Each structure stands twice: as C-alpha cells, then as structure tokens.
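Here is a brief report on a pair of chains and one residue site. Please look over the model before reading on.

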Protein chains: 2
Amino acid sequence: MLNLRSSSASFGGTTEFYSHNSNCCNSEMNFSVYIPPQAKTQPVPVLYFLSGLTCTDENFMAKAGAQRIAADLGIMLVAPDTSPRGNGIPDEPDQWDFGIGASFYVDALLEPWRSHYQMYTYITHELPQLIADSFPVLKSDKGEPIQSICGHSMGGHGALVCALRSPNQYRSVSSFAPIGSPSQCAWGEKAFSGYLGDDRNLWSNYDATELVRHTTHPNPILIDQGMKDRFLDTQLKPAFFEAACQASGQQLVLRRQLNYDHSYYFIASFIEDHLNHHHRFLG
Amino acid sequence: MLNLRSSSASFGGTTEFYSHNSNCCNSEMNFSVYIPPQAKTQPVPVLYFLSGLTCTDENFMAKAGAQRIAADLGIMLVAPDTSPRGNGIPDEPDQWDFGIGASFYVDALLEPWRSHYQMYTYITHELPQLIADSFPVLKSDKGEPIQSICGHSMGGHGALVCALRSPNQYRSVSSFAPIGSPSQCAWGEKAFSGYLGDDRNLWSNYDATELVRHTTHPNPILIDQGMKDRFLDTQLKPAFFEAACQASGQQLVLRRQLNYDHSYYFIASFIEDHLNHHHRFLG
C-alpha cells in the first residue's frame with residue numbers, strides 16, 4: 001500500500017517519504033515521516049505538521065530542524081502534502097493560493113474540487129489510520145493513536161481547526177503564523193468560496209476563530225507569530241483568534257516574536273519550544 | 001557594494017543573502033551569511049561552508065540547521081555560491097557536474113572558464129576580505145580574520161584544499177563526505193580536465209590527497225562519511241585521503257557513519273559536532 005520514495009538516516013532515526021493511494025481523495029497522496037530512534041524498540045506518539053501554501057511534504061522535514069528534537073523526545077513526525085497532485089487532479093495554473101498546494105485542509109463541496117480535495121477527512125481520519133497501521137504508533141487504552149498537531153500559516157490554521165473540532169483526537173495543538181480567520185482575509189475568502197461555495201454559514205466549520213467561540217480544546221494552544229511577517233496585517237490577523245479565545249475561555253499562549261518573518265528560518269528558531277509543548281501532553 | 005537580497009531573523013541573529021560584483025570572477029556573485037546575536041556587541045570568528053555540486057548559497061542555510069549552534073557558540077557562518085552564474089557566464093547546459101553549480105573551487109586555466117571561474121582566489125582572498133570589511137569579524141593581532149572552513153562533497157574537498165594550501169589562514173577544517181581525490185574519480189577528472197587542462201601535474205595543486213602528502217594542517221581534520229552514501233565507492237573514496245594523511249602524519253578523525261547517505265539529513269545530524277570542533281580552534 002505504501003510506496004517508499006526515499007529514506008535518509010537522520011539523528012539516529014530515519015526521515016522517509018511515501019506515496020499511497022488515498023481512498024477519500026481518490027488520488028495518490030504524498031507524506032513524509034520522521035521515525036525517531038526510540039521507535040525501534042517501542043511505540044511512540046505522533047506529531048502531525050500541516051504545511052503552508054505552495055509547500056509539499058518536503059519543506060518541513062528539510063528545513064525546520066525538528067528531527068533533532070523529535071529524536072531526543074521520542075516523537076514521530078508526520079508531514080502530509082498540502083493537497084492532492086498529479087494526473088487528473090484539478091489545479092488552478094498560475095494560482096499559488098488556490099488548487100494544488102493550497103487545499104486549506106477542507107473537504108471541498110464544489111466540483112471539480114470535491115472529487116479529490118477531501119483533505120479534512122484525509123488529515124483527521126484516513127492518514128492517522130494509515131500511520132497507526134504502518135508504523136509503531138503509541139495507542140491509548142481505547143486503541144486510539146496518541147497524537148498532536150501543529151502547522152504553519154494555512155497549515156497552522158488547519159491544525160487549529162482539526163484540534164478544535166476533535167479535541168479528543170489531538171492531545172495538543174500549536175501553530176506558527178496561522179491564518180487567524182480565513183473568513184476574514186483574502187486568501188481564505190478565495191479558497192472557501194472556491195471549495196465550499198458562497199454560503200458563509202458553511203465556512204464556519206473550517207474557521208478557527210468561528211469554531212473557538214463554541215468549542216474549546218482542554219489544553220493551552222501555543223502560537224508563535226513573527227512581527228515582521230509580511231502577511232501579518234493582510235492575511236494572518238492573529239487578533240481575531242486571540243479575541244475569540246479570550247471570549248470563550250480557550251487557553252492561548254500567543255507569542256509575538258519581534259523581527260521574525262514568515263519563513264522556515266522563523267519556524268526553525270522556535271520549533272524546539274513547540275515540540276517540548278507537545279511532549280508535555282503526549283506523555 | 002553589497003546588495004542585500006533577503007534578511008530573516010534566525011535564532012536571535014539574522015540569516016542574510018547578498019550579491020556583489022566580484023573582481024576576480026568578473027561577475028556578480030552570491031553568498032549567504034548567518035550573523036549570530038553576539039555580533040551585535042563584539043566581533044566574532046567566521047566559519048566558511050563550501051557546498052556541493054548543484055547547490056547555491058541557500059542549501060546550507062536552509063537545511064543544515066547550523067544557525068542554532070552558531071548562535072550558541074558565537075560563530076558567523078558564510079556560505080558562498082558554488083560558481084559564478086548569470087548573464088554571460090559560461091555554462092554546460094544539462095551537465096550538473098560541470099560549469100554552473102560545479103566550480104570545484106579552482107582557478108580555471110582554460111577558456112571560456114578562466115574569465116570567470118577564479119573560485120579559489122574568490123574563496124580564499126576576495127570573499128574573506130569582503131566579509132571582514134563588511135561584518136564584525138574577529139581579527140588576530142596581525143589584523144587577519146579568525147576563520148575556519150568546512151564543506152560538503154565537492155565543497156568538502158574544496159575546504160580541505162583551502163586549509164592545506166593556507167594552514168595559517170584557516171584555524172581548522174572539517175568536511176562532510178568530501179571527494180577524497182578528484183584526480184582519481186570521474187567527477188574530478190571531468191572537471192579538472194575542463195578547467196585546468198590535461199596536464200595532471202597542474203591538478204595536484206587542487207587535489208587534497210596529493211597536497212597532504214607534502215603539506216599538513218597543524219590541527220586535526222574532522223571528516224564524517226555516511227556508509228550508505230551512493231557516491232562513496234565511485235566518487236568519494238575516502239581511503240585515498242585517509243592513507244595519504246597517515247603517510248604524512250596529518251591528524252585525521254574520519255568517522256564512518258553507518259546508515260547515513262549523502263543528503264542534508266546527514267549533514268544536519270552531525271553539524272553540531274563540526275561547529276563544536278571549529279569552536280575549539282576559533283577560540
């Protein structure tokens with residue numbers, strides 16, 4: 001079922017890249033996984049990382065420097081691709097913020113996207129099941145995988161949505177420079193219109209700021225946001241999510257990092273704090 | 001003189017990308033630099049990193065994870081591009097192992113390369129002078145920059161050549177998966193024939209295994225070599241350099257790393273050891 005594309009030894013473990021046929025996306029899908037050295041002898045918890053616009057399953061593994069810390073803490077890392085891609089998959093050529101590389105991690109309602117862009121189901125159900133069946137994943141007494149979720153930008157927002165909608169499925173959630181409320185920025189309005197249609201009531205299922213008004217996660221959310229991020233005021237707007245958390249009582253640690261931008265140099269600088277945060281709750 | 005292309009905050013310092021007009025290469029050249037936080041208040045020593053075939057000045061900064069350690073130790077990192085490139089620069093299209101991205105860090109003797117590919121002079125003289133003039137570089141009592149050199153593959157070999165030819169100029173040298181003796185592998189024979197001509201006597205000026213027979217570096221050389229490196233037996237052949245070091249009394253720590261390949265996942269896994277090695281000698 002899993003097609004191993006490459007495997008590289010990495011801090012005593014291995015960084016591996018796979019493709020597989022996804023049922024829900026009706027497509028081949030790519031993901032990467034870091035298997036820490038501890039997994040040779042015991043099951044380990046998993047941290048999912050959802051990447052941002054234009055990324056593939058490679059960026060996080062190549063640039064974030066997370067393997068060193070995951071090897072130390074005994075955490076498996078899984079970085080799915082940001083959309084289906086390949087033969088027959090619809091795309092919007094010349095648009096980097098919609099279509100391939102820009103799924104926004106929703107289950108699309110409109111064709112031509114609906115047939116393949118079932119990314120919310122893929123991220124929260126199909127992929128965790130596949131990972132749990134294929135790798136030595138630590139499970140709860142109920143047989144559920146012990147996992148948390150993190151992400152960057154579009155994926156940082158996606159991680160918030162996954163954790164808020166399924167707080168029992170994710171022990172903890174953190175995010176780098178997430179889109180605060182896709183319903184209230186150009187990136188999100190374009191994507192949600194295209195994937196979900198014009199009924200904004202349907203958008204709220206995939207908007208973290210809307211979700212957190214009604215449902216909270218039991219553990220504190222950690223967010224790092226660079227203050228020289230060129231998307232800060234136009235797209236990310238963390239104050240929306242921050243205010244909604246305050247109103248609903250969601251614990252949030254939002255760190256505004258002076259001088260940092262939107263790049264992986266920012267992520268690499270703080271990934272250790274995020275892995276340590278998740279380690280507290282992954283046990 | 002320096003054209004700042006980008007600057008990203010990174011572990012309390014900044015990762016910056018520059019272009020400038022090189023006199024010796026008669027061309028625009030690119031390099032990246034990591035300025036550690038200590039440099040805000042005091043001059044710091046410099047570690048040069050020479051990259052491998054096909055790389056630019058970005059790979060090392062984006063993928064090696066070196067900034068975290070450099071920020072801790074107070075070392076500036078400089079990663080030059082692997083060749084001139086741009087308008088009017090000769091290339092060998094469709095050849096990834098010769099021409100652009102494949103300078104082998106030699107001063108070319110043959111046209112069309114000679115007019116631009118003066119990379120040995122660029123790496124050992126023009127660039128260090130520019131760096132020392134432009135950034136807060138720690139200098140010796142004689143006014144010379146305190147610096148060491150490291151590299152990967154083609155660049156790992158280039159680092160050995162620089163340090164062996166100018167042991168007073170580099171406090172220490174280390175290397176990841178270097179070409180052991182370019183005169184004795186297909187990559188090197190192709191490049192040296194093209195840049196230097198058919199007289200193999202001229203090649204020995206740029207062959208680390210030939211150089212170390214006659215000249216040594218006062219400090220131990222650190223080399224890491226992955227044992228699943230797909231170029232190990234055909235191109236890298238570390239035993240040539242190892243034997244020559246033994247014969248001449250050059251101190252060498254050659255670590256054969258089981259399971260590791262030729263990628264940046266290998267470099268990232270051991271870069272901390274290399275920076276600590278250089279830190280011993282950079283003082």
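A polar contact is a pair of N or O atoms within 3.5 Å; within protein, one atom must be able to donate a hydrogen and the other to accept it, and residues adjacent in sequence count only if both atoms are side-chain atoms. The side chain of Ser174(B) makes such a contact with the side chain of His274(B), at 2.8 Å.

This is a predicted model: local features need pLDDT of at least 70, side-chain atom pairs count only at pLDDT 80 or more, and totals for chains, interfaces and linings use all residues. Residues are numbered from 1 along each chain as its sequence is written, chains are lettered from A and ligands numbered from 1 in the order written, and side-chain values use heavy atoms, without hydrogens and water.

Confidence scores follow; pLDDT is the predictor's confidence in each residue, from 0 to 100.

| Item | Value |
|---|---|
| Chain A, average pLDDT | 97 |
| Complex, ipTM | 0.96 |
| Complex, pTM | 0.97 |

**Site.** Ser174(B) sits in strand S7 of chain B, residues 173-176 (strands are DSSP runs of E, at least two residues, numbered from the N terminus). Its relative accessibility is 0%, so Ser174(B) counts as buried (under 20% relative accessible area, 1.4 Å probe, protein chains only). Beyond four places in sequence, its contacts (heavy atoms within 4.5 Å) include Cys150(B), Leu222(B) and His278(B).

**Symmetry.** A 180° rotation with 0.0 Å of shift along its axis superposes chain B on chain A, RMSD 0.0 Å (least squares on C-alpha atoms of residues with pLDDT of at least 70 in both). That is the relation of a two-fold axis. The same surface serves both copies: 100% of the contact residues of chain B recur in chain A.

How values were computed
Helices (H or I, at least four residues) and strands (E, at least two) are DSSP runs, numbered from the N terminus. Buried means under 20% relative accessible area, exposed over 50%, partly exposed in between (1.4 Å probe, protein chains only).
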